[in-house]
Amino acid sequence: MSERGTPGPDGTPPAAEGSDPVEVIRQAGARGLTLATAESLTAGAVVARLVDVPGASAVIAGGAACYSLEAKTRVLGVDAALLAATGAVTAEVAAAMAEGARSLYGTDLAVSTTGVAGPGPDERGIAEGTVVLALARRDRPTRTRELRLSGGRARIRASTVDAAIQMLSAALSE
């Protein structure tokens, strides 16, 4: 993931190229599309960044911050057996989360975030900085993207927010 600029005073990374939430809201509005999020690793930070943009209410239906496995199942409909077998940090789970959010909110697009921010690996041994994103879109196959990030918990989470917004921006540019 390319980055530009310098880190902020709290050590968070600069915004990734293409991760402008203003542009995402503008593009979605211009195309008459609605958006939602399903967030584990970022715990609502993606939708919060999007709704910071004036006029976001015209395109953002909502965001589900589902940190626990149980919440992923109960709110987003992720298969509990899949979560028990693989844990939450897989392309299949990220895809199910995005599809669940798109269905829950009845939107055109939904993005999901799952991963390990650290410190250290998760209970299954998945390395800190392992992140999986997914984008579900009405009438198109769901896409996933795996990232290997570094820099500690705050930097990993901030970079994930940027990557999720970048993923939405790319989809809206197609």
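My entries on these topics follow.

**Ground rules.** I'm working on a predicted model, so to speak, with local features needing pLDDT of at least 70, side-chain atom pairs counting only at pLDDT 80 or more, and totals for chains, interfaces and linings using all residues. Residues are numbered from 1 along each chain as its sequence is written, and side-chain values use heavy atoms, with hydrogens and water left out.

**Core.** I got 30 residues, with L50, I60, L109 and L168 having the most contacts inside it. Helix α6 (153-172) gives the largest share, nine residues; helices (H or I, at least four residues) and strands (E, at least two) are DSSP runs numbered from the N terminus. Beyond four places in sequence, L168 is in contact (heavy atoms within 4.5 Å) with V24, L35, L50, L109, V111 and L135.

**Salt bridges.** I searched the whole structure and found eight (side-chain nitrogen of Lys or Arg within 4 Å of a carboxyl oxygen of Asp or Glu). R26 and E23 pair at 2.5 Å, N to O; the two sit three residues apart in helix α1, so about one helical turn separates them. R143 and E174 also pair, with the closest N and O atoms 2.5 Å apart. That pair links strand β5 to the segment after α6, 31 residues apart.

Definitions and conventions
Core = buried A, V, L, I, M, F, W, Y, C linked by side-chain atoms within 4.5 Å. Buried < 20%, exposed > 50% of the residue type's maximum accessible area, 1.4 Å probe, protein only.
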